[in-house]
Amino acid sequence: VVLRGQLWVSRSWWSFFLALFLLHRYGDFKKQQRMVLFGTLLAWYLCFLHRLYFTSGCQQRSTIYKQCKIDHEEPASAPTLSPSPSNHTTANTTVTPSKRSPCYKPWSYIPDGIMPVFWRVVYWTSQCLTWLLLPFMQSYARSGGFSITGKIKTALIENAIYYGTYLLIFGSLLIYVAVHPEWHLSWYELQTIGITAANTWGLFLLVLLLGYGLVEIPRSYWNASRHGHLLIKTYFKASKLMTEKADAEENLEDVMEEVRKVSESIKYNHPLRKYIDTILRKCPVDYQEKMGRNMDDYEDFDDKQNTYPSEKSLVKLHKQVIYAVQRHNRTRVQWQILLQQAIHLEDVAKNETSSTHQFVHSFPSSEPTGWFSRYVYTPTAEWYWECLLKRWFYRLLSVVLTLFSVAVVWSECTFFSTRPVLSLFAVFIQLAEREYNYLYIEVCSVPAALTAVWFLLSPPDGVLHHHLFLCTCVYSTVFRIRVFNYYYLASHHQTDAYSLQFSGMLFCRLTPPLCLNFLGLIHMDSAISHQQKEQTAYTSIMGSMRVLSFIANGFYIYYPMLIVILCIATYFSLGTRCLNLLGFQQFVGDSEMTSDLIDEGKELIRREKRKRQRIEDGENRRREWKERYGNQRRRLHEAKYSRSGSRPERDCIELLQDAEPLDFNADSLTDDPLESESGRHAGGRYLSMSSSRSRIFDDV
């Protein structure tokens with residue numbers, strides 16, 4: 001009992017810390033609203049808790065043990081009819097107690113009544129989040145209102161159609177049931193219909209995401225082993241990201257210009273000035289300083305007959321400022337990350353032909369090396385991993401994941417067949433059930449939590465457990481997909497509040513149908529397998545799907561077969577090619593547009609490397625100057641004010657002190673004399689003319 005309690009607590013904490021870590025990676029604890037963070041954390045926590053308890057095998061082992069007890073409670077001498085293969089006559093066979101395998105209670109057995117309550121709480125909480133709370137919180141977080149009341153009002157108006165559609169469907173269903181008294185639907189059956197409708201929508205989306213992930217995850221690992229292909233694709237991403245970055249900067253400039261005009265028109269004593277101050281606090285610091293310098297607080301707004309913006313227009317402007325600043329920051333951070341990746345891949349390509357077998361970086365890190373880099377991950381070990389072992393590891397992992405994908409596709413197409421059993425997952429579970437081998441289920445389930453953590457922390461991802469592989473294919477697609485700027489999960493704290501909550505909604509809607517789909521694959525869902533077996537705790541709260549037989553016997557069985565078509569379309573990149581034909585820039589190897597973008601990205605990376613090299617050279621010259629002349633100048637400075645020393649010696653000292661290192665930035669050279677005369681800073685000048693002599697390399 002103590003071990004079971006510790007197991008439950010440990011899984012709960014694992015789920016919580018995993019959700020918290022991912023939220024820290026994608027969200028921003030300092031800037032985003034607490035309500036947004038709490039809602040997303042709760043949604044992710046419930047889904048990961050769902051997954052860890054489901055993949056642990058406790059439910060399956062408990063169900064197998066209960067079925068074993070039911071079989072042993074039947075009379076041992078009860079005759080059973082079995083057909084004779086020779087003369088097609090019926091013979092009575094008696095099963096003796098000695099032929100029955102004993103029932104061993106698994107160490108992680110969960111008593112009756114606990115799991116149904118647990119699943120009921122987890123399921124209904126996640127459903128309330130995904131269908132009620134998270135849509136409202138999305139509109140609340142995206143609203144540009146200046147008060148809580150205004151944001152709530154905006155969220156209610158935006159969700160009126162959303163909630164009204166649900167009420168209309170539910171009301172129509174009640175009216176339809178009321179005019180057909182022969183149906184006699186109870187509250188339990190109405191609840192089952194609602195659960196079935198939600199799971200049907202989730203299954204529709206599940207098959208789409210699963211068909212993409214089953215092909216894309218193994219292929220991403222295989223492509224990761226091809227350094228040349230990966231570098232070319234990085235150039236392509238750099239070109240697209242630079243275009244997006246320039247567009248974000250231009251959009252920010254336009255929005256800031258509009259803010260400046262509004263700020264100049266509304267003075268300090270205007271009733272709407274408090275809203276302008278709220279908007280200014282959301283602007284970047286440099287723009288705040290510029291607008292603060294141009295602000296004249298002594299000018300009264302009543303002295304001029306100006307047209308002032310309304311509060312509604314300020315709310316819209318506030319929303320635009322939040323979006324523009326977030327997008328600008330995201331593209332700027334992503335550009336730095338992508339630049340670092342491109343430089344690393346170029347370093348790998350250069351070091352592959354190295355005869356010294358030591359990895360050399362183009363731009364060594366300025367941070368001091370730790371004990372791991374000094375003693376374990378040495379330059380030699382880094383060379384063997386980056387240039388030799390890593391590619392073969394990824395290729396092997398890609399082959400293993402491809403076999404998993406083939407097994408999943410085969411099982412999805414054949415899980416409805418119970419005689420003979422064609423689903424591979426059902427075969428494995430029934431082998432363990434026949435011998436009551438709980439250890440097999442436990443061993444297969446132990447890697448589940450570990451590989452889930454690995455997948456979520458370092459995509460592209462791989463798993464070792466068949467059920468967790470399904471979760472990986474679905475959840476990785478949620479992290480990968482991008483719907484323009486409407487939905488996009490960006491790491492390094494660059495995901496906006498709307499995308500965070502949208503991902504929580506997707507997780508809550510996909511998890512229940514994913515669990516039911518897996519139970520169907522292993523033939524533990526009696527509504528699909530049509531076998532008289534002990535129900536699992538999860539299917540007991542889902543209700544009997546026989547209330548809607550056309551869904552249980554039709555949609556749930558035949559719709560997953562479409563996964564074959566989706567896998568074929570993903571393998572041949574049909575979606576990518578269609579988007580490319582429509583004008584959306586996609587990475588297609590035989591496209592002229594792709595080649596142009598690759599060349600453009602390569603030039604952008606080369607330009608950024610030259611810029612970084614100039615900065616590093618300037619820092620090196622500054623460091624050398626300090627090391628070479630720092631102590632000497634200090635001694636000469638002390639000797640200058642001493643009584644000893646002749647006049648010529650003091651003159652030499654003054655000449656040495658006036659000497660400064662010269663640096664010239666050729667890229668900043670300007671031929672316009674008006675620019676230099678107007679007081680603007682012009683590069684390409686002698687640093688000895690700088691006003692600050694203590695930081696002589698600040699202008700490099």
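Mentor: A salt bridge is counted here when a side-chain nitrogen of Lys or Arg lies within 4 Å of a carboxyl oxygen of Asp or Glu. The model is predicted, so local features need pLDDT of at least 70 and side-chain atom pairs count only at pLDDT 80 or more, while totals for chains, interfaces and linings use all residues. Residues are numbered from 1 along each chain as its sequence is written, and side-chain values use heavy atoms, with hydrogens and water left out.

By that criterion, a search of the whole structure finds 14 salt bridges. Side chains of opposite charge can pair when their charged atoms come close. One of the pairs is formed by Glu608 and Lys611, with an N to O distance of 3.9 Å. Both belong to helix α23, residues 592–640, where they stand three residues apart and are therefore separated by about one helical turn. Helices are DSSP runs of H or I with at least four residues, strands are runs of E with at least two, and both are numbered from the N terminus. An α-helix has 3.6 residues a turn, so residues three or four places apart point the same way. Glu608 is buried, at 16% relative accessibility, whereas Lys611 is partly exposed at 39%. In these terms, buried means under 20% relative accessible area, exposed means over 50%, and partly exposed lies in between (1.4 Å probe, protein chains only).

Helix α8, residues 227–265, holds Arg260 and Glu257, again three residues apart, about one helical turn. Their side chains meet in a salt bridge at 2.3 Å, N to O. Arg260 is partly exposed, with a relative accessible area of 24%, and Glu257 is also partly exposed, at 34%.

In helix α9, residues 273–282, the spacing of Asp277 and Arg273 is four residues, about one turn of the helix. Their salt bridge has an N to O distance of 3.3 Å. Arg273 is buried at 9%, while Asp277 is partly exposed at 29%. Beyond such pairs, Glu244, Arg330 and Arg482 are joined in a network of salt bridges.

An unreviewed UniProt entry marks residues 238–265 and 608–635 as "coiled-coil region"; its positions are given in the numbering used here, feature names are shortened, and annotations may be inferred rather than shown by experiment. Over residues 238–265 the chain is 100% helix and 0% strand, with the end C-alpha atoms 40 Å apart. The entry also gives "transmembrane region" for several segments, including residues 191–215 and 392–410. Residues 191–215 are 100% helix, with end C-alpha atoms 36 Å apart; residues 392–410 are likewise 100% helix, with a corresponding separation of 27 Å.

Val483 lies in strand β3, residues 482–483, and is partly exposed, with a relative accessible area of 38%.
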